[in-house]
Number of protein chains: 2
Amino acid sequence: MTPQALLEGILRGGAAVQRRAMAKAITLLESTRADHRAQGDELLTALLPHTGKALRLGISGVPGVGKSTFIEALGLYLIDRGHRVAVLTIDPSSSVSGGSILGDKTRMERLSVHERAYIRPSPSSGTLGGVAEKTREAMLVCEAAGHDIVIVETVGVGQSETAVSGMTDMFVLMQLPNAGDDLQAIKKGVMELADLVVINKADLDPDAATRARAQITSSLRLLGLHGNPEHAHHDTALWHPQVIQLSALQGRGVDAFWAEVTRFREVQTGNGQLPARRQQQARAWMWERIDAGLKQRFRAHPQVRQQLDDTTRQVLAGELPPSTAARQLLDLFD
Amino acid sequence: MTPQALLEGILRGGAAVQRRAMAKAITLLESTRADHRAQGDELLTALLPHTGKALRLGISGVPGVGKSTFIEALGLYLIDRGHRVAVLTIDPSSSVSGGSILGDKTRMERLSVHERAYIRPSPSSGTLGGVAEKTREAMLVCEAAGHDIVIVETVGVGQSETAVSGMTDMFVLMQLPNAGDDLQAIKKGVMELADLVVINKADLDPDAATRARAQITSSLRLLGLHGNPEHAHHDTALWHPQVIQLSALQGRGVDAFWAEVTRFREVQTGNGQLPARRQQQARAWMWERIDAGLKQRFRAHPQVRQQLDDTTRQVLAGELPPSTAARQLLDLFD
């Protein structure tokens, strides 16, 4: 299909035609062939005016925390209220091991067959940067097709949370309600990305869930992420990450969750943070791809390629200062 | 002075000659003139075999936490025990505002005049990357001159903590002992860098200091940085960030602090983490300078320069996908 035909199918196709066009478009965008890439760029640029209206929601948590159950419950809840939901995954494990921690769409049995839902598993090859780029582009396809809620799901592996937080409006971290000292450690750097922390399976041990909530709230405050409500400088025009409890399996708390998301969207739209975040993400995405492209050209340069291993060895052996090594290699590149 | 004369002065000069050679060498390394840079590279490479034996200690904390008082007390304590101490600062505020939050060496009156101490204020111009590079190089000069403890001090501005943590063996975060909810928030991302958290001015309110210690320890555990001693998987061969109290002004706790530093060095040397950290830092430093150099060349390319603002505007306006924009600009660069 030509980019023009794909565009037409995505924007104006009936349910079945649109779904097929979306799948084909995303596959085209995942391709690394130069001619596909050129067609993909043409398609993306044409799709762009029809994107940006969806709420982009990132959801992360360790395996077993109940992400799939929760996303299915949330997705069905939203569809009931007239929304169209897309679920994309970023799973770096699938490209490293060939197997995927998150598995495929069959995990969400009811949501995956729903006409108003679109579920796409993680691209199965490429570096995290490449996978993230493909997911960002897939998100634009879903938005152009009229999905007004896009959920990007990831598992706590590598730097995938940072990637997901960098492409969504709101980043949700799911936790289990183990008590006190048993509270599972949160991966380095992830807590600070969270706009909302959800303690799932709160029904299993309500007391533990309450303690977990208090402990996480206290840590958020220490990390400067959660305002102290007793202080006058607690600014209600700014969003402070919240901690809530729910039980996805019992379907309890999904409405409270969505109320928080709605409040987040209102606060961050009112204070201008949401459009600012998207502009910052667009700029960062462009520079991330430029940096990756520059580094690729650098590594591929014949003289650099010949010298890089040896220079790196000298640096690691303490025979060459790193700054001098960098200047020598850059001189070869010039 | 030629690089050869500077080298001679640094390695074998008497006290006054050596001090003058160190100052001239660091000034040479701070210069951006191409001929100075070439001489600087020659000097650095010659110094390198004489470096790496010092303990590199990073210390950070907000203004008013008592860094200078503590570093002076620690420096004099170490000199008493036969060490030679160098203190370098990274203060991004000095290059932005022209004034410096950390001030200059006169803050440490007794240490700065001591023959066995060498204190050098922050380079007063350049980006954080440039300032960090100059400080890294100054550190090598101090080590070659025989200073076996190098302290890099920074104030909590911008990304300077990350820079300091990235060039030292151990990163210490200083905190004030305010109680509970009043505990001053720690800047995003900084807690995770800390190998040791020091609660200074513990004498002002011992109860508050004790509560602060408990709260920070609990947060470190939640963030996965501090092992749970009740669990069998608490690995004593790995370092877990500790929290200690002291009073720098009263000179109390400096010996306990040094005992923790010594234990850190032993644990991290025993398990191979210290040499691994240094190799990782050397590699990261080289690539950081390569990345900066590539980006500089990219921005300076005539066609990129002509197009960059317009392309960025299109991306921010949502008219051009960031990935497409990156490819277009990279094509101009080729």
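Which residues are buried in helix 13 of chain B? They are B:P322, B:S323, B:T324, B:A325, B:A326, B:L329, B:L330 and B:F333. The model is predicted. The points below cover helix 13, helix 2 and the residue B:E260, which belong to chain B.

**Helix 13 of chain B**
- Helix 13 runs over residues 322–333 and has 12 residues.

**Helix 2 of chain B**
- Helix 2 has 16 residues, 15–30, which at 1.5 Å a residue should span 22 Å; its end C-alpha atoms lie 23 Å apart, in agreement.
- Its buried residues are B:Q18, B:A21, B:M22, B:A25, B:I26, B:L28 and B:L29.
- Viewed down the helix axis, these buried residues fall within an arc of 155°, so they line one face of helix 2.
- The exposed residues B:A16 and B:R20 sit on the face turned away from the buried side.
- Among the elements covering the buried residues of helix 2 are helix 1 (3–12), helix 3 (34–47), strand 3 (117–120) and helix 7 (128–144) of chain B.

**Residue B:E260**
- B:E260 lies in helix 10 (residues 254–270) of chain B.
- B:E260 has a relative accessible area of 15%, so it counts as buried, the cut-off being under 20%.
- Leaving aside residues up to four places away in sequence, B:E260 touches B:M170, B:L196, B:W239, B:Q242 and B:I244.

How values were computed:
Residues numbered from 1 in each chain as written. Chains lettered and ligands numbered in written order. Predicted model: local features only at pLDDT ≥ 70, side-chain atom pairs only at ≥ 80, totals over all residues. Heavy atoms only, no water. Helix = DSSP H or I, 4+ residues; strand = E, 2+ residues; numbered from the N terminus. Buried < 20%, exposed > 50% of the residue type's maximum accessible area, 1.4 Å probe, protein only. Contact = heavy atoms within 4.5 Å. Expected span 1.5 Å × (residues − 1). Arc of directions from axis to C-beta.
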